[in-house]
Amino acid sequence: MPVVDIHTHIYPPTYVELLRSRTTVPYVRTFPDAPDSSRLIILPGEDDPSTPSTSRGRPIGPEYYDIAQKIAFMDTHKIDTSVISLANPWLDFLPGEKAGEAARKINDDVDGLCAKYPGRLYAFGTLPLSAPVEEVVQEIERLASLKHMRGVIMGTSGLGNGLDDKALDPIYAALEKNETLIFLHPHYGLPVSVYGPRANEYGHVLPLALGFPLETTIAVSRMLLSGVWDRFTKLKVLLAHSGGTLPFLAGRLESCIQHDGHLKELGKTEGRRDVWDILKTNIYLDAVIYSDVGLKAAMNASGADRLMFGTDHPFFPPLEKDQKEWHSVNANYSAISTAFKDDKVAAEGVLGDNAIRILKLDL
Ligand code: 5CU
């Protein structure tokens, strides 16, 4: 039974060099109170001077950029194949004139890494979203010709105005035409003010446990409300973290649409595809939710045949030194075995068969 990890990140060495050359978020640097440990600072506001040193970014070691370490991690956790993707914040922060070339270089580097480990690595490419739209479309076309690419990873900002922006239509059209799946992943979270004045005392818990999933939920809801899937009925999107909170809130979202006087006035409550249809036709969900409770909601919303195992490596390593097996990975394995204890075929689907079928992996 093959195990495929579809949510696993890498910062290729060229990207880490770029981060080391920067002094504003995102960047990599050491701090005077821990000069021997480089820290990766990526999330908005996480280098605020008032932030305790243990909460300033995260330590960055070779597990973030050395592909041999990815393979070793896969071996330890019995993962046959991984679909690797550049981690957040991708190329969102680059000036438009630099983004196209950076995307081509990173995508070629990542495709090259996959070529070194036949059958073990595939990838989601990266788009130069700050470049002119035509350049983004060109990269989508080019990615379709790279052997190991199976989609693109994207954040929720789109071209700067979110994923409900009509200016994205040529990009959605190119993705749909090439049957290129979007792996939609959060980065920006919620405005830090919602975490309150004591947020510094809580490490990264609130932005990662709640900010990330809510960001995804809001981004997808905006896509849906703006009719993206009515215009692009075959556009495929894989949502990180089991869809944020969308499986749990889909009924409420649908009901709010049906009861909205403004939408009715605009004629937008009729003749549209509803949330459940889109969840079962266009959306795929990863199984990175660490509990069978969330996983069952994901299964009920989209169907067990649309769920795919993931680890989020290299994020969420064990905090104990010398702990080889990762608790976070084992939590995702256990969630699958508990949620699908009476359905071996569905469990095998989530662990690997669904990814092989959906992403057309040649295994
Ligand atoms: O720990 C984190 O900050 C993250 C992150 O930035 N991206 C991700 O995919 N997982 C965890």
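Helices (H or I, at least four residues) and strands (E, at least two) are DSSP runs, numbered from the N terminus. Residue numbers start from 1 along each chain as its sequence is written. The model is predicted, with local features needing pLDDT of at least 70 and side-chain atom pairs pLDDT 80 or more, while totals for chains, interfaces and linings use all residues.

Q: Over residues 4-361, what share of the chain is helix, what share is strand, and how far apart are the end C-alpha atoms?
A: Start with the make-up of this stretch: 41% of it is helix and 15% is strand. Then look at its two ends, residues 4 and 361, whose C-alpha atoms are separated by 10 Å.

Q: Which residues are around the ligand, and how do they divide by class?
A: A residue counts here if its C-beta atom, placed from the backbone, lies within 6 Å of the molecule. That gives His9, Ile42, Leu43, Arg58, Ala87, Asn88, His204, Leu208, Asp312 and Phe315. For classes, Ala, Val, Leu, Ile, Met, Phe, Trp, Tyr, Cys and Pro are nonpolar, Asp, Glu, Lys and Arg charged, and the others, Gly among them, polar. Sorted that way, the shell is five nonpolar, three polar and two charged.

Q: What is the phi of Lys78?
A: Look in the loop between α2 (67-76) and β5 (81-86) to find Lys78. Most residues other than glycine have a negative phi. Lys78 isn't a glycine, yet its phi is positive, at about 60°.

Q: How are α11 and α12 oriented, and which residues make their contact?
A: The axes (lines fitted to C-alpha atoms over the stretch in contact, with angles from 0 to 180 degrees between N-to-C directions) of α11 (residues 292-302) and α12 (residues 327-339) come within 8 Å and cross at roughly 60°. So α11 is oblique to α12, given that under 35 degrees is roughly parallel, over 145 roughly antiparallel, 65 to 115 roughly perpendicular and the rest oblique. Contact means C-beta atoms, placed from the backbone, within 7 Å. The α11 side supplies Asp292, Leu295, Lys296 and Met299, and the α12 side Ala335, Ile336, Thr338 and Ala339.

Q: How many charged residues are in the contact of α8 with α11?
A: Helix α8 (residues 246-258) and α11 have axes that come within 8 Å and cross at roughly 50°, so α8 is oblique to α11. Pro247, Phe248 and Ala250 of α8 meet Ala297, Ala298, Asn300 and Ala301 of α11. By class that is six nonpolar and one polar, and the charged count is none.

Q: How many charged residues are in the contact of α3 with α4?
A: Helices α3 (residues 96-115) and α4 (residues 133-143) pack at about 15° with axes 10 Å apart, so α3 is roughly parallel to α4. Gly100, Ala103, Arg104 and Asn107 of α3 touch Glu135, Glu139 and Leu143 of α4. Two of these residues are nonpolar and two polar, and the number charged is three.

How values were computed. Two residues are in contact if their C-beta atoms, placed from the backbone, lie within 7 Å.
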